[in-house]
Amino acid sequence: MQDMANALLTEPSRDERPASIDLQQEYADVGIAEVLDELDRELVGLKPVKTRIREIAALLLIERLRKRLALTAETPTLHMSFTGNPGTGKTTVALKVAAILHKLGFVRRGQVISVTRDDLVGQYIGHTAPKTKEILKKAMGGVLFIDEAYYLYRPENERDYGQEAIEILLQIMETQREDLVVILAGYGDRMERFFASNPGFRSRIAHHIDFPDYGEDELLAIADIMLHRMNYKFTPAAREAFVRYISLRRTQPLFSNARSIRNALDRMRLRQASRLMADVGRSLQIEDIMSLEAADVLASRVFSRPAAARDA
């Protein structure tokens, strides 16, 4: 009762509340515009994801104002689920979400602790609880990002200790939600089965965000951005060959969107270096060192063995 009385004494009265609020100034002051602009610049496409993040940022900005005006009763649930295939930007978006939450005052630190099942679940009795609690301790005040979260639950294995980690996580997600935001990530269909088997998680997740695969034009734009950052570029013929590469690679096993594009570029840089060293006696121009040629692209096994290629 005394705590409630103290809270009432510190709340602004109706007369003390400002008649109006400059929302544009509030938006500028917290600095989330910079983070949202970075999100637009750093990630190609993903329009529905970016729209949803902007909506969440707007909601939390208003919640921040409501809290200041004593118009809100409790901290909103901020736990999230990111579903989509590998290489669609889930980890990058988690970093931006953490920055937004920090700037708006919903977490003390803007950190993201990224983990998988192995970081949380032990291999013998009594091992899981200390591991899980240690990770949670590190993540407090920020965001805990659990990739491939569905691997926490393995009902086919009677000696699996994942359920213990799940129970600890659920408790902390409920009781410490003012100081920790949990983001569960993974393939959409597997996450759906995971939530069906663990309804406690679904009830604690406020925002479900689906990350679509990139289209061919978007993957080409991603490649251009990556090359620009590394001070490389395609020759016109190489660019044409890479368009063909993308079309073939997207249909093959283990394609991981932007991750596969990055891996492909790394291999093309290796081929370029080998090509240049094969003619070690010639004088190189800066253009030679910067340029990836068609041969560097076409040497990929994607063109010779498309059915069997992995991430070549």
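**Notebook: cavity, cores and one proline**

I looked up the largest cavity first. Its lining consists of Ile53, Ile56, Ala57, Leu60, Met80, Val97, Ile100 and Leu101. Two elements each give two or more residues to this lining: helix 4 (47-68) and helix 5 (90-103). Helices (H or I, at least four residues) and strands (E, at least two) are DSSP runs, numbered from the N terminus. Helix 4 gives the most, with 4 residues.

I noted the basis. This is a predicted model, in which local features need pLDDT of at least 70, side-chain atom pairs count only at pLDDT 80 or more, and totals for chains, interfaces and linings use all residues. Residues are numbered from 1 along each chain as its sequence is written, and side-chain values use heavy atoms, with hydrogens and water left out.

I checked the cavity's size and class. A cavity is a set of points on a 1 Å grid over the protein atoms alone where a 1.4 Å probe fits but cannot get out; lining residues have an atom within 4 Å of a point. Points are joined across faces, edges and corners, and the volume is the space filled by probe spheres set on them. The structure holds 1 cavity of 30 Å³ or more.

Next I followed Leu60 to Pro76. Pro76 sits in the loop between helix 4 and strand 1 (80-84). Pro76 and Leu60 are 16 residues apart in sequence, with 8.6 Å between their C-alpha atoms. Beyond neighbours within four places in sequence, Pro76 contacts (heavy atoms within 4.5 Å) Leu60, Glu63 and Phe106.

Then the cores. A nonpolar core is a set of buried Ala, Val, Leu, Ile, Met, Phe, Trp, Tyr and Cys residues joined through side-chain atoms within 4.5 Å. Buried means under 20% relative accessible area (1.4 Å probe, protein chains only). The largest core has 56 residues, and Phe82, Phe234 and Phe242 touch the most other members. Neighbours within four places aside, Phe242 contacts Leu220, Ala223, Phe234, Ile261, Ala264, Leu265, Met268 and Val297. Another core, of 30 residues, lies apart; Leu136, Ala149, Tyr150 and Ile205 are among its members.

Last, the whole chain. I count 16 helices and 7 strands. Of 312 residues, 43% are buried.

Technical notes. Buried < 20%, exposed > 50% of the residue type's maximum accessible area, 1.4 Å probe, protein only. 1 Å grid on protein atoms, 1.4 Å probe; cavity = no way out; pocket = protein on both sides within 12 Å on 5 of 7 lines; lining within 4 Å.
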